Amino acid sequence: MALHELYAAAGKPSVRMVSRAIHARNDMRDHVSHETMSAMLRGRNLPRWSKAESVARQLADWSAGETDGERVLRDLYQLWLRAEDVRESSPEGDSLSPVSHPPASVSSTKPAAENHFVGRRDALRQLEDWISHDEKPIVLITGSPGVGKSALLNRFVEASRSDFPDGILLTDLHDRQQLPRAPSDVLGGLLSRLGVAPTGIPPELPDRVSLYRALLTGRRTLVAFDNADTAEQLRPLLPAVPGPRVLVATRRAMHGVAAREGAATLALASLPHDEAIEVLTVAIGADRVRQEPADADAIVELCGGLPLALRIAGAQLAVHPNWSLRELRRRLTDARIDTLSLDDPLADIGVLLEGSLSAVSSAATHLLRELSMRGPEEFEIEAVQTLLGADGSVSERLVNELSNVSLISGPDQRGKYFIHDLVRAFIREKRSTAQ
Ligand SMILES: Nc1ncnc2c1ncn2[C@@H]1O[C@H](COP(=O)(O)OP(=O)(O)OP(=O)(O)O)[C@@H](O)[C@H]1O
Ligand SMILES: [Mg+2]
C-alpha cells in the first residue's frame, strides 16, 4: 500500500495534525517539517527513511482498524528502497538523502564525538566469526565498567549493517537515569519498531514476548542490547532459535545465559599499551603525546589501559590546559581515583566502582579489600584460601561474586584471576579516606 493510500485510510488528516501527533509520541528520532511532509504526501519528495517511517507509523496507527500496520510499513519500506535505487541511478537525485537504515532501525547510543574507535581487532574478528556462523547466535560482551563494551558493540553494529538486510535493532536496556528498564517496556518499544501499531501491542509480558518472537522468526536481523543488567531482564528479550543474531553488552558475567541459552562470551580486557596510547592521542592530540612520551606512557599505565580512565585523563588535560602530562601523572600517582573523576557520575571511576561494589556481599567486599592490600595482581583460588583462611568452596563463591560484576576478571585458561590496578587503587584510596 503506497503512502497516499495509507493517508486516505487514516482519514486524510492535516499536515499539522500529523506533525503534532508525531511530536506527542515523542518520536524525536527525526523532526519532520510541514514542507517535507506535504511534499512526501504528494509524492514529490522522499525524505530519509527515519522521517518517512515516523509519518507512516502515525498514519498506520490512525488506520489501524483497516490496515495491518506491520505489513504496511514493510511494503512502504520496499517502495522506499526502490525509489532510493532510482534516485541513486539518477544524476538529478541529489535532493534525496541517502539510505539511513531499514525499518528495524539502528540508533546509536553514543554521541558522534565519542566515535573515535581504536583497535580491538581480535575482538571484532571474533564477533564476526560468531555472527557469521549458526552455532552461537547469542554473544555476550562482558567486562568491567568503562572497558569499552558499548563502544565495541556500537562499532560492530555500524560495521555490520550490510550483513543484516532485515535490519538492526539496537536498544539500551538502561533508562535515562541509568536504571534497568523493565523487559515489558523494552518489548513495547521493539514491537513498535517492528511495525506493530500501539493498539496491536499486547498489554501482558508473555504475549509481548510471543509476538516479538513470532515477528523475528526467520528474519536476518541483528538484535543488540547495550547495558543488560541481569539474566532475568535479558531472557524475555531473546528471540526464538533459529532467528536473529543477538549481541549483548553487560557488566555481568551471566554464566547462566551462557549455560542455558548457549551464549558465547567475549570477555573484554583493558587495551594493550599501544592502543591505549592511541586513545590518549585522540583525546589530547599527537603533539602533546610526542612532547612528553615517558609521561604519556606512565599515564596509560596508571589508567591501567582502561578506555574510560584514559578518556577522563584526556578530558582533565583539556579542562586544565595549564597541566603538563607530568602534572597529570603526578596527580594520578598521588590520588588516582580522585583525579579520574569529572563532575559527572558517568565519568567518575570512583562512582562506577562503588556501583559494582554495592552489588556484592560484605564477605566479597572483604575479600576484595584483602586482595587489594595484600594480594598479588594475578592469583589462583588457592591464594584466596590462604588469604582468607577459608575453604575452597567459600573462596570460590566469593571469587565468583567479584568476577560476576567484573571487579576481578578470570579465570583464564591457566586458572588465574586478575585484579585490575585501578580497582586496587580504588580500594586503597577508599581506605585511606576512611581512616
Ligand atoms: N576501542 C576504543 N577506542 C576508543 N575509545 C574507546 C574504546 N573503547 C572505549 N572507548 C571510550 O571509553 C569510554 C568508555 O567506553 P564504554 O562506554 O564503551 O565502556 P563500557 O564498557 O560500555 O562501560 P559501562 O560498563 O559503564 O557501560 C567511552 O568514552 C568510549 O568512547
Ligand atoms: Mg556501556
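**Note on the predicted model: core, sheets and packing**

1. The largest nonpolar core holds 101 residues. A nonpolar core is a set of buried Ala, Val, Leu, Ile, Met, Phe, Trp, Tyr and Cys residues joined through C-beta atoms within 7 Å. A residue is buried if 20 or more other C-beta atoms lie within 10 Å of its own, exposed if 12 or fewer, and partly exposed in between, with C-beta atoms placed from the backbone. Inside this core, A224, L280, I299, A309 and A313 have the most contacts.

2. This is a predicted model: local features need pLDDT of at least 70, side-chain atom pairs count only at pLDDT 80 or more, and totals for chains, interfaces and linings use all residues. Residues are numbered from 1 along each chain as its sequence is written, while chains are lettered from A and ligands numbered from 1 in the order in which they are written.

3. Now the whole chain. The protein chain has 435 residues, and 37% of them are buried. Its secondary structure comes to 22 helices and eight strands. Helices (H or I, at least four residues) and strands (E, at least two) are DSSP runs, numbered from the N terminus. Take the contacts with a separation of 6 or more: 68% of them join residues 24 or more positions apart. Two residues are in contact if their C-beta atoms, placed from the backbone, lie within 7 Å.

4. Back to A313. Residues up to four places away in sequence are not counted here. A313 then touches L280, I299, C303, L328 and L340.

5. An open sheet has five strands in the order β2-β3-β4-β1-β5, with parallel pairing. Two strands pair if DSSP finds at least two bridges between them. β2 and β5 (264-267) are the edge strands, and each pairs on one side only. From one strand to the next, the twist averages 15 degrees.

6. Look at strand β3 (residues 222-228). Seven of its seven residues are buried. Five bridges join β3 to strand β2 (residues 168-172), and five join β3 to strand β4 (residues 245-250). L222 is the bridge partner of I168. In β4, the partner of L222 is R245.

7. Strand β1 (residues 138-142) pairs with β5 over four bridges, in the parallel sense. Here I141 has L266 as its bridge partner. Helix α6 (residues 121-132) packs on this sheet and touches β1, β4 and β5. The direction of α6 makes about 170 degrees with that of β5. Axes are lines fitted to C-alpha atoms, for helices over the stretch in contact, and angles run from 0 to 180 degrees between N-to-C directions.

8. Another open sheet has three strands, in the order β6-β8-β7, with antiparallel pairing. β6 (378-379) and β7 (408-409) each have a single partner strand, so one side of each is left without a neighbour in the sheet. Two bridges join β7 to β8 (residues 417-419). S409 stands opposite F418 in β8.

9. Helices α19 (residues 362-374) and α21 (residues 392-404) pack at about 85 degrees, with axes 9 Å apart. They are therefore roughly perpendicular to each other (65 to 115 degrees; under 35 counts as roughly parallel, over 145 as roughly antiparallel, the rest as oblique). A363, A364, L367 and L368 of α19 meet L398, E401 and L402 of α21.

10. Last, E429 in helix α22 (residues 421-434). E429 counts as partly exposed because it has 16 C-beta neighbours inside 10 Å. Neighbours within four places in sequence aside, E429 contacts A335, R336 and I337. E429 and I337 are 92 residues apart along the chain, yet their C-alpha atoms are separated by 7.3 Å.
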